[in-house]
Amino acid sequence: MELTLALGALAVVLAFAMFRPRGWPEAVAAVPAAGLLIALGVVSFDDAMVEVDDLLPVVGFLAAVLVLAKLCDDEGLFHAAGVAMARRSAGEPHRLMGTVFAIAATTTAVLSLDATVVLLTPVVMATARTLGIPSRPHAYATAHLANTASLLLPVSNLTNLLAFSAAGLTFAHFSAVMALPWLLAIAAEYVLLRWFFRRELAQRPTAHVTPPPAEMPVFVLVVLALTLVGFAVTSLLDVAPAWAALAGAVVLGVRGLVRRRSSVAGIAAAANVPFLAFVLCLGVVVTAVMKHGLDDAMRHVLPTGTTLPALLGIAVAAALLSNVVNNLPAVLVLLPLVAGMGPAAVLAVLIGVNVGPNLTYPGSLSNLLWRSVVQRERLPAGFVEFSRVGLVTVPVTLVVAVLGLWVGIEPFGVR
């Protein structure tokens, strides 16, 4: 009975998060679900508080990064990126695709996948329309890179933050190990997406526009660079990296308020407190599911060891689970099961939950967010089409990323 109640609560929370009736935030379902499970004794109050306490540093860090991305947008970073893309492409679809890949991969790695989906995707589509170039290939590039290109840094994705805590690596060590998987995964996405959209990328532009020179926000770029250095330094000093993100947000926030490019209300909204509450309550719901049998079931499925077949098996299991229950619950389920196997197994899970969601819309919340963004931009992107693109890219990308991880096991000592 307890497992049935926990699974039912998880299903309701995920369904609500995927469809968001009337645009209500995900917390509308997650908070009552977690409270109900505690009230019914499916998960004890003490166990729930332990899970919340474990997630609080991650959630605080996420809030700071979301605010940092919004302040970068206020300072014109994404507008400058759009102008740079237009000038670099010179109206050539293939060149625009390459530039979109470079900017989207960097944006995802440094400012998280939410910045790529919410802030960069509309800019990419507007740039393509202005140049008279089909926007579909470039929009799908941002969708896929929001997931795949989030492999590099602990700050790139909420799943990374969770894996970072479980792996026990420093910021620099984590990033060094994931650099090769990140590069190989992006290269695979680039080749496969260019092949899939080859006809649209072969079309000639219908407009000839010469954009003005891009005014790069140098101050913002310097703050971002220093913030990244801060992440590495705080990790070495065993200080929560959220403090470095907060410092960067404070600097840009004060500047934005003084120059009236930002507002207190806008900064507060960027923190997305309802989503943070959703993450905490989802953790409680997943804890209830784990304590009543799911952990034992998954433990029998997962391979052990750090051989290439074992790491690939772990990544595939994580990818499949992500497309069934969404990647955030998937990583919450799997990390406790693989943490004892060592950092390599944890990072294999991360590859699965970051690359795998490109297969279906339910795979990650960023997919659903991307769908709403492109629909506002009047670009149809149905479930079947999204999954067709994913079937082309996900298997190859998953394999090459795991191969990159396996190659780095010995040199970086992550067994």
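Analyst: Helix axes here are lines fitted to C-alpha atoms over the stretch in contact, and angles run from 0 to 180 degrees between N-to-C directions. Helices are DSSP runs (H or I, at least four residues), numbered from the N terminus. The model is predicted, so local features need pLDDT of at least 70 and side-chain atom pairs pLDDT 80 or more, while totals for chains, interfaces and linings use all residues. Residues count from 1 along each chain as its sequence is written, and side-chain values use heavy atoms, without hydrogens or water.

Start with α4 (residues 77-89) and α5 (residues 93-111). Their axes lie 8 Å apart, at an angle of about 155 degrees. The two are therefore roughly antiparallel (over 145 degrees). Contact (heavy atoms within 4.5 Å) involves Leu-77, Phe-78, Ala-81, Met-85, Arg-88 and Ser-89 on the α4 side. From α5 come Arg-95, Leu-96, Thr-99, Val-100, Ile-103, Thr-107 and Leu-111. By class, the contact of α4 with α5 has 8 nonpolar, 3 polar and 2 charged residues. Nonpolar means Ala, Val, Leu, Ile, Met, Phe, Trp, Tyr, Cys and Pro; charged means Asp, Glu, Lys and Arg; the others, Gly among them, are polar.

Next, α17 (residues 343-355) and α19 (residues 383-412). Here the axes come within 10 Å and cross at roughly 160 degrees. This pair is therefore roughly antiparallel too. In α17, the contact uses Ala-344, Leu-347, Ala-348, Ile-351, Gly-352 and Val-355. They meet Val-394, Thr-397, Leu-398, Ala-401, Val-402, Leu-405 and Ile-409 of α19. The contact of α17 with α19 splits into 11 nonpolar and 2 polar residues, with no charged ones.

Now the space. On a 1 Å grid over protein atoms alone, a cavity is where a 1.4 Å probe fits but cannot get out; a pocket is open, with protein on both sides within 12 Å along at least five of seven lines; lining residues have an atom within 4 Å of a point. A volume is the space filled by probe spheres on the joined points.

The largest pocket has about 920 Å³. Its lining counts 38 residues, and Asp-114, Val-118, Asn-272, Phe-275 and Leu-369 are the closest to its centre. At least two lining residues each come from several helices, including α1 (2-19), α3 (45-74), α6 (113-131) and α14 (273-301). The largest share, 7 residues, belongs to α18. In this lining, 22 residues are nonpolar, 11 polar and 5 charged.

The second largest pocket holds about 470 Å³. It has 19 lining residues, with Glu-51, Asp-54, Thr-287, Leu-332 and Pro-336 nearest its centre. At least two residues each are supplied by α3, α8, α14 and α16. The classes are 11 nonpolar, 3 polar and 5 charged.

Finally, the cavities. The whole structure has 2 of 30 Å³ or more. The largest cavity, about 30 Å³, is lined by Val-65, Leu-68, Val-110, Leu-224, Thr-227, Leu-228 and Phe-231. Its largest share, 4 residues, is from α11. This lining has 6 nonpolar residues, 1 polar and no charged.

The second largest cavity also has about 30 Å³. Phe-61, Leu-62, Val-65, Ser-112, Val-155, Asn-157, Leu-158 and Leu-161 line it. Helix α3 gives the most, with 3 residues. Here 6 lining residues are nonpolar, 2 are polar and none is charged.

Notes
Angles under 35 degrees count as roughly parallel, over 145 as roughly antiparallel, 65 to 115 as roughly perpendicular and the rest as oblique.
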